[in-house]
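Subject: Structure for your review

Dear colleague,

Please find below the sequence and structure that I am handing over to you. My findings follow directly after it, and I would ask you to read them with the structure open.

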There are 2 protein chains.
Amino acid sequence: MTYCVGLTIDRGLVFMSDTRTNAGIDSISTFRKMHVWEEPGERVIVLMSAGNLATTQSVVSILDERNKAVNERSPSLFEMPSMYQTARLVGNVVKEVIASSAPVGQSADSYFNASFILGGQIRGTEPRLFMIYPEGNFIESSEDTPFFQVGETKYGKPIIVRSYDKAMSFAESVKLLLVSFDSTLKSNLSVGLPLDLLFYEKDSFKVGFRKRIGQDDAYYRTVSDGWSNALKQALKALPDFPEN
Amino acid sequence: MTYCVGLTIDRGLVFMSDTRTNAGIDSISTFRKMHVWEEPGERVIVLMSAGNLATTQSVVSILDERNKAVNERSPSLFEMPSMYQTARLVGNVVKEVIASSAPVGQSADSYFNASFILGGQIRGTEPRLFMIYPEGNFIESSEDTPFFQVGETKYGKPIIVRSYDKAMSFAESVKLLLVSFDSTLKSNLSVGLPLDLLFYEKDSFKVGFRKRIGQDDAYYRTVSDGWSNALKQALKALPDFPEN
């Protein structure tokens, strides 16, 4: 499994993904699930993936045009005039890859499935965030639904639902996401460290900040330990159930 | 879906279940998922269920011997000498009911599935807590795994994992469970109020406390609102991510 979150805030977009891939419980590997295409001053595109690794790697390779000779590559990802058209392009590639992997005949099913979060900004347009389904169609974030999760989404959802605020700073949003990821890491073995973090500042047209957060990261340890204690204190501070 | 939790603490057993049943998103009903058999001074048995409602109701009806005339009923549930044998009895009934509902032929699958949490105490033995699978087999709680959840378990798990303490009082454990249920209610439409609460005090051999908690319950409102605020405060109190 996987856990990835894309968040829209007033100041831009924040992305976080884990790196664990597993085929069964005894075959665990670390793979980057966050892919970035940057054309400084012009566009930043971030794609995060959950699902079958062969599928998601294929999608990224095709977007990179790795099926062409190195000097012939000019990814059409860099030619899209809007994020909406970028999402359509990615959706079409996803659909193709899954269709080509599906077993022959009627038994085609979800084994090769994958879902994606796509976000970014292209000069002349606003920052946008999309969720792309295995079928190649997609939805866009809005004021009412300002974030998308893919993968093992449930453990970490309640804290985002409760504490998201679009006026939050990057530093606050990273804190919120780390708490959400920490709850997931503590509850599910299929989500694992290190985490990839990226934030994109609106109208900057370059990657603002990018970091890989591992087990030894001092801030992660502070949040993880601090949050456990804070939750215990918060629970203690609530009145106990009145038995009578 | 459903959400039920059974918790063992030093002082006894605590049970909480929701009451929402749905067949599709447009067919929602309220059904009790917590069933209690009590023989004061002798035994208390609590059974909570998640899964296909026809299956879980059948299991309870068979345990009640509702297939016999009223004056001929003497449920064998009241004759089991230990909770282990009670769990075996329930497991066998579950297996039979699911087998009899399964479609004819090889296509039998999970549509009629159900899982159960069984807990209680019989005079002369310790309080016990079991989780019973659709296959009729079961596992028992232990020091390492002192609680079981069935149904929509993920949203409400992190807070229990972090804050459970076997020395907690009933009042504290109800608070913990209400927070766990509130997180689930806020995240998933298939889990709904009212909630059924029961606690059983060790060696009392009678139902200690039983209550149905609805939307208007003052304590539930206090916990729900208080927890939202407490989480926001706790998050605020953690240091923000250092960008540099």
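Between chain A and chain B the count is 6 salt bridges. Please bear in mind that this is a predicted model. One salt bridge joins the side chains of B:Arg162 and A:Asp182, with N and O 2.4 Å apart.

Which parts of chain A supply the side that touches chain B? At least two residues each come from helix 3 (157-163), helix 4 (170-187), strand 11 (195-201), strand 12 (209-213) and helix 5 (218-237) of chain A. Helix 5 of chain A gives the largest share, 13 residues. Sorted by class, the side of chain A that touches chain B holds 22 nonpolar, 7 polar and 13 charged residues.

The contact draws 42 residues from chain A and 42 residues from chain B. Together the two chains bury about 4,000 Å², and 68% of this area lies on carbon and sulfur atoms. Within chain A, the residues that lose the most area to chain B are A:Arg162, A:Leu235 and A:Phe241, which together account for 22% of what that side buries.

Helix 5 of chain A

This helix deserves a separate look.

At the start of helix 5 of chain A, a side-chain oxygen of A:Asp217 comes within 3.1 Å of the backbone nitrogen of A:Tyr219. The side chain of A:Asp217 also meets that of A:Lys211 in a salt bridge (3.1 Å, N to O). A:Asp217 is buried, with a relative accessible area of 12%, whereas A:Lys211 is partly exposed at 30% relative accessibility.

Helix 4 of chain A

Helix 4 of chain A has 18 residues, and the distance from its first C-alpha to its last is 26 Å, close to the 26 Å expected at 1.5 Å a residue. Of these 18 residues, 16 are buried, so helix 4 of chain A is largely enclosed by the rest of the structure.

Salt bridges within the chains

Over all chains, the structure holds 28 salt bridges. In chain B, B:Lys166 forms a salt bridge with B:Asp10, and their closest N and O atoms are 3.7 Å apart. This pair links distant parts of the chain: B:Lys166 lies in the loop between helix 3 (157-163) and helix 4 of chain B, and B:Asp10 in the loop between strand 1 (3-9) and strand 2 (12-17), 156 residues apart. B:Lys166 counts as partly exposed at 37% relative accessibility, and B:Asp10 counts as partly exposed at 41%.

A further salt bridge in chain B pairs B:Arg32 with B:Asp196, the closest N and O atoms being 3.4 Å apart. Here too the pair links distant parts of the chain, with B:Arg32 in the loop between strand 4 (28-30) and strand 5 (34-39) and B:Asp196 in strand 11 of chain B, 164 residues apart. Is each partner buried or partly exposed? B:Asp196 is buried, with a relative accessible area of 2%, while B:Arg32 is partly exposed at 38%. In chain A, salt bridges that share partners join A:Arg32, A:Asp196 and A:Arg212 into one network.

A buried loop residue in chain B

Where is B:Val191 found? B:Val191 sits in the loop between helix 4 (170-187) and strand 11 (195-201) of chain B. With a relative accessible area of 2%, B:Val191 is buried. Leaving aside neighbours within four places in sequence, B:Val191 is in contact with B:Thr2, B:Tyr3, B:Asp18, B:Arg20, B:Glu152, B:Thr184 and B:Leu185. The C-alpha atoms of B:Val191 and B:Asn52 are separated by 14 Å, and the two residues are 139 residues apart along the chain.

Yours sincerely

Conventions. Residues are numbered from 1 along each chain as its sequence is written. Chains are lettered from A and ligands numbered from 1 in the order in which they are written. This is a predicted model: local features need pLDDT of at least 70, side-chain atom pairs count only at pLDDT 80 or more; totals for chains, interfaces and linings use all residues. Side-chain values use heavy atoms; hydrogens and water are left out. Contact means heavy atoms within 4.5 Å. Buried area is the accessible area (1.4 Å probe) that two parts lose on being put together, summed over both. A salt bridge is a side-chain nitrogen of Lys or Arg within 4 Å of a carboxyl oxygen of Asp or Glu. Helices (H or I, at least four residues) and strands (E, at least two) are DSSP runs, numbered from the N terminus. Ala, Val, Leu, Ile, Met, Phe, Trp, Tyr, Cys and Pro count as nonpolar, Asp, Glu, Lys and Arg as charged, and the others, Gly among them, as polar. The expected span of a helix is 1.5 Å times one less than its number of residues. Buried means under 20% relative accessible area, exposed over 50%, partly exposed in between (1.4 Å probe, protein chains only). A polar contact is a pair of N or O atoms within 3.5 Å; within protein, one must be able to donate a hydrogen and the other to accept it, and residues adjacent in sequence count only if both atoms are side-chain atoms.
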